[in-house]
Amino acid sequence: MRRRRPLRRTLELTLEQRLLRFLAREEEGERQTHRELRAQPIDLRVIDGDCIHDARFTGRDGSAFVFTCSENHSKFRTGDPVAVGDGQDFDAASPMAYAAYDAGRSELRLELDPYNRSARTDFVVGCAYVVDRREFGGRGSLAVAVRDAFAFPWLKNVLEGRHELTCDEARLLRARSFLLSRGLNSAQVEAGAAAIATESLALVQGPPGTGKTKLLAEVVAALCSRKCRIALCAFTHNAVDNALLAIRKVAPELELVKVGGNSGGSSEARADLSRAGVRLVDAKRAMLPAESVVVAGTCYQFPKLQEDTAFHYTVFDEAGQLPIPHALPAMLRSKRWLFFGDHRQLPPVVTSEHRDREAADSIFAHLHRRYGGHLLDTTYRMNEGVCRLVSETYYDGLLHAAPSSIDRRLPFVPGGRLDEVLDPAHSVVWVRVDHRQPGSRSHEEAHAVADVVADLVRQHGVPTREIAVIAPFRAQVQLLRAALDQKELQNRAELVVDTVERIQGQEREAVVVSLTAGDPDEARGRSAFHLNENRLNVALSRARTKVVLVASAHSFEAIPGDVDALRTASRCRELRDRLTMVDLTKLYCGPVA
Amino acid sequence: MRRITGTHVYSYAKCPRLAALDLSLPKSERRVWHPWEEFAAKRGRDFEDEFVATLAAVQPEYPARDFDRGAAATLELLKQGVPWIHQAVLLGDQRLGLPDLLRKVDGPSKLGSHHYEVLDVKTSGLARGDQVLQVMFYTRLLAELQGRMPERAAIILKDGSEHGFATADYLAVTRDVEGALLRLAAHPDLARPFLQRGCESCHWSDHCLPELTAKGDLSLVAGMSHGARAILEANGCRTVADLAEFSNDGRSLSQLDSALVRRLRKAAQARLAAAPTVEARPRQKGSLSLDRAAIIHLLTDPYAGRVLAFAVQHPIGDDNGIAVELPASVATEWSALKALLARVPTGVPLLHFDSALPRWYEAHAFSREADTGLAARFVDLQRRLRAAALFPEPAFTLADLVRCALSRDPLRAGHWGQAAMWAAEADGADKLVAKARADVQDLADLKRRVLDAAPTPA
C-alpha cells in the first residue's frame, strides 16, 4: 500500500526521455518568456524589471552611451543584452549592452553589444528612449549529448542508478596515507581517498568553508602525479577559475589549460589565470598533452573539443549547480567521474517550471540520491553561533566549527546606535522591519541595511571588504547600492552588494541579508525563490562571525499551494524562530506596518 | 467559541476571511451548493468509501455529533492497536480532528509499542499545500494523544497512490496556522475580505462581495495585492474612487513603484467606466503576429484526468470554422487533437486559455508522439489579454473576462464544472459541444475586442 507519489506519466518515460523533455521545456520556456515580454505594455515590463522607461540620451562618454533616468527598477546586470528604442517596435530598436547605473546621479550607461558592433547608435540628445531586455540567442543544444550518453551502456547504468560502486583497495590505502601527509582532516582524507581510488564515480559533499576546493586541488594534483589526464568542468567561468587557481597553489609545476578561456569570463579573471600560468586556448584548436595535464572549461566547451579527446578522469566542481544534461558532454570524455559540490547550496538555474523536478535536479543531487557521498563535516569559516544555525537548519546537525574558528567574534565597540543588533553575543540576528512592499524592492529594508553597514564600519571598525550585503532580487540590489552610496563610506567600492548567486564561494566577517518581499501575496508567489533553503543557506553561510537578516514578518506568512514550496515556507518559519529578533519596524516603516 | 477543525485549516490556506466566517456564522447562511458541486463531492465520498473498503478499517462508535464520546471510543481503539481506524475523533483544546484514516505503525508511544500516523483520502491527482496542512493539523492532535509525533503522514491521491511526507517538514507552518485560527475564532473581524481567485465559487460570496462593493474596496481593482492595498490605505487612498483620482506620483506612496501606481490608477478608472482600457503595446510582426492564429480550447474532467472535448476555430471569428471532437477515452485524446489540428495550417499560432492545454500536452507529448514543435505554437490568450488591457474587475477566469469585457453571460451554455456531469448523461455530448462552441466564440470575441482593438485614448 505504501507507495511514493508518482509523477504518473513521468513513470512511463525513461530517464533519457525525461532529460530531453527538460531541455525542450527549458528552450521553449526561454523563447516564450521573450515572446510574451514583447506583447506587454511598457508599464508591465517596468514593473517586472525588464524595462527602463524614459531614458533621455545626454551624449557619449568614451565607449559609453549616457542617458539620464530618474527611476531604474530593472533587473539588468552589466553585460546584459538590451534593446534601445521607442518601446513599441522591437525590430527597429538598437541592440546594446547594459553597463552601469548610478542612482545618485540618475545616470544610465550603455555600451555597444560586443557581438553586434554595427548597431545603429544615432540617438538624439534630449530624446527619451525605452530600454528593453533582449534575447541572448545562440543557445546550444545539449540534446545530442543526452542521446550519446544513453547510447553508452556504462554511463547509462551510472545515470540510472544501476551501477555498483567499486574501488581499488590498494590505491585507497596509498591515497589515505598521502592525503594524511598533506595535513587534511579525517573527513577530507576519507573523501579524497575514495575519489582517488574509485573505479567509476565518487561524490564529495562540501558544505560552506569545509575546504572542498582545496581537497579537489589535492586530489587532482595526486592523480596528475600519476600521469593522469584530467578534465575539470564547472557551470560557470568563476567556478572553473577558482578551481584552477586552487590547483596551482598545490601543484606549481602542473600544466593547466583552460579551453574557451581566451574569450570567457572577465578580463580581470583572465589576467589572474595568465599570471598563474594557466594556458588559455580555443577549444576547437587546442593541442592537448596526453598526460599530466588539467584541461578545464565550462560545460559548454567540452562538446567543442576534438571528437577523440579523452581523459582518465572528469572532475566537476560546484556540481550542485550543474543540470544533468549539462554534465554529460564532459562525462562522455572519460569513464571515471569525481563530483565535488553540495546539493544544499545553490541549485541549477532553470528558466521554466518543471513538474518533473527530478529531471531538473543537479547532477550532484541526482547521483547523491542513488550512490550517496562523503560529507566534509568541519567548517573553517563559521564561528559556533553561525555554524550551529546553518548545521541544524541545513545539515541535520552534522556540520561542526573547527577549533580555529569556533570562538571567533565580531569586533564590537559599545555605544553605537544598533548595539542590540550587532552585539557579538548573538551571531545571527533578525532585524524585523514589518513593511508590506509589493514587488522586488523594499526601501524600508534598504535603509535598515545601510544603517547596519554604516554602524559596522564606523562604530565597530569592520572594514568594508569584510562585509557582504545580499538580496534575492537584482532590483533590491540596485536599491541597496544606492542607499549605501548615500552613506559615503570609506572604501565603499570594496563592499560587496549582490545577489546570492554572485557571492557563492566567497566569505566575509559579517553578512547582511535583505529578504525584501513583504507583501504576503508576493511572498506566496515567490516563496519558492526568495525563501529557498539552498539560497538562504548560501547567504547565511558566507559569514564568519555575524549574520544580520533584515526582513518583514510578512515575508514568512506565505502559505503556498505547492507542497514543496510549503515545506520551504515551513522550514523558513523554523529558521525565523531560531533567530534573535530585534524589532525596528517603528524606526523604518511608516503607518503601513 | 466554535472548535477549530481540519476544514478550517483547509479554508484558512485559501482565505483567512473564509475561515473567519466559517468559524463565526451559522452554516445556514452559506450559499447553497450547485448540483455539479454536489456531484463532485459525491464522487469524493464514493472514492473514500471504495478505498477504505479495501482496508478492513475499524470505525469508532458514538452517538452522532457527540465528539467527546467519539474521542473516548477512538482512544480505546488506539490502545487496542487495531491496524486501521476510519474516521477517528481527535480532540484537543478548542480543536477537533476527524481524519479519514489512522494507520498503526511500529515504535513506542503512550499507547504501547506502537503508534499511529494520519492518512487522508483526496480526489486530486497531485497533493496540495492546503491538504498537507489539514493532515498536519490531525497529526498534531494525534501526537498529543499518543505522546509521540509520528515521523510520516500521507495523502491518498485519486489513483490510490500515497503521497507521503515527513511531518517535521511542515510543523512550523501548521503551528502558525493553528495560532492564527485561534485568534480568528476569538476575533473574526481580524480578517478583512479581499477579492481574489476563488471568491466567485466560495460559499460566502453572497456575504463578502456585496460588502466589498458597498465599500468600494481597493481589492476590486485589477492587479491589487494585499500589500499595495495596505500602503495605499495608509496614505489616505481608501476606495476605488480615491484611487481613480489619485494624482500624486509613486514616491509619496511609501515609495510604491510609480509604474505600479499608474497601472492601478488606470485599473480603478476602468472599473468606474465599467469598460476595459486597452493599452498601447509593442507592434507584433512576422511570426509574432496573431492575425492568422487559431483558437484551441478544451473541457476537462479533472477528477478523471480526462479531456471531454477539444474545440478548434480557424479562421478566428468564423463560426463555421469551429470544429469539436469528443474523445471517448484517455487513449483517444491525442488522435482527437491531431484530427482537429489537421484543419489548421502548419505554423499558425494556437491561442489557448490558461495552462490546461500546455499541461495536457506536457503529460502526453513525450509518452506518445514527440511533436515538440507544437508547444512552440501555443500562445496563452489569458496572459495576452491581461497584458493588453486593464479590466474593470480582477479577471481570474474566462467567465470573469467574458462578463466584464463582453458584458455577456459566460455560463449561457452551462458551467465548466458541469462537464463531468454531462459526460455521464444521455444527451451529454450535445451539451459538451454547445459549451465548447460557446467558449470558443467568447475567446474569439475577446481577441477581437481587446487584443485587436486600438488603444483606448488617454
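Predicted model: local features only at pLDDT ≥ 70, side-chain atom pairs only at ≥ 80, totals over all residues.
**Exercise 1. Find the cis peptide bond between His314(B) and Pro315(B) and state its omega.**

Solution. Step 1: Pro315(B) lies in the loop between β11 (306–313) and β12 (322–325) of chain B.
Step 1: The bond joining His314(B) and Pro315(B) is cis, with omega about -5°.
Step 2: Most peptide bonds are trans.

**Exercise 2. Which residues of helix α4 (residues 143–150) of chain A are buried, and what covers them?**

Solution. Step 1: The buried residues are Ala145(A), Val146(A) and Ala149(A).
Step 1: These residues lie on the same side of α4(A), because they cover an arc of only 100° around the axis.
Step 2: The cover over the buried residues of α4(A) includes α2 (15–37), α5 (153–159) and α11 (324–331) of chain A.

**Exercise 3. Describe how β5 (residues 107–112) of chain A is joined to β2 and β4 of chain A.**

Solution. Step 1: Strand β2 (residues 64–68) runs antiparallel to β5(A), and 4 bridges join them. In this pair, Thr68(A) is opposite Glu107(A).
Step 1: Strand β4 (residues 94–102) also runs antiparallel to β5(A), with 6 bridges. Here Tyr101(A) is opposite Leu108(A).
Step 2: β4(A) and β5(A) make a hairpin with 4 residues between them. In the turn, Ser106(A) has a positive phi of about 55°.

**Exercise 4. Describe the side of chain B that touches chain A.**

Solution. Step 1: The contact involves 50 residues of chain B and 58 residues of chain A.
Step 1: Elements of chain B that each supply at least two residues include α5 (129–146), β8 (162–166) and α6 (171–186). The most comes from α8(B), with 6 residues.
Step 2: Sorted by class, this side of chain B has 22 nonpolar, 13 polar and 15 charged residues.

**Exercise 5. Describe the contact between domain 2 and domain 3 of chain B.**

Solution. Step 1: The assignment places domain 2 at 216–274 and domain 3 at 294–451.
Step 1: Their C-alpha centres lie 34 Å apart.
Step 2: 8 residues of domain 2 are in contact with 6 residues of domain 3. On the domain 2 side there are 5 nonpolar, no polar and 3 charged residues.

**Exercise 6. State the confidence scores of the model and of its chains.**

Solution. Step 1: The model has ipTM 0.93 and pTM 0.88.
Step 1: Mean pLDDT is 90 for chain A and 92 for chain B.
Step 2: In chain A, pLDDT stays under 50 over residues 1–11.

Methods. Residues numbered from 1 in each chain as written. Chains lettered and ligands numbered in written order. Buried ≥ 20, exposed ≤ 12 C-beta atoms within 10 Å, placed from the backbone. Arc of directions from axis to C-beta. Contact = placed C-beta atoms within 7 Å. Domains from an automatic or database assignment. Nonpolar A, V, L, I, M, F, W, Y, C, P; charged D, E, K, R; others polar. pLDDT = per-residue confidence, 0-100. Pairing = 2+ DSSP bridges.
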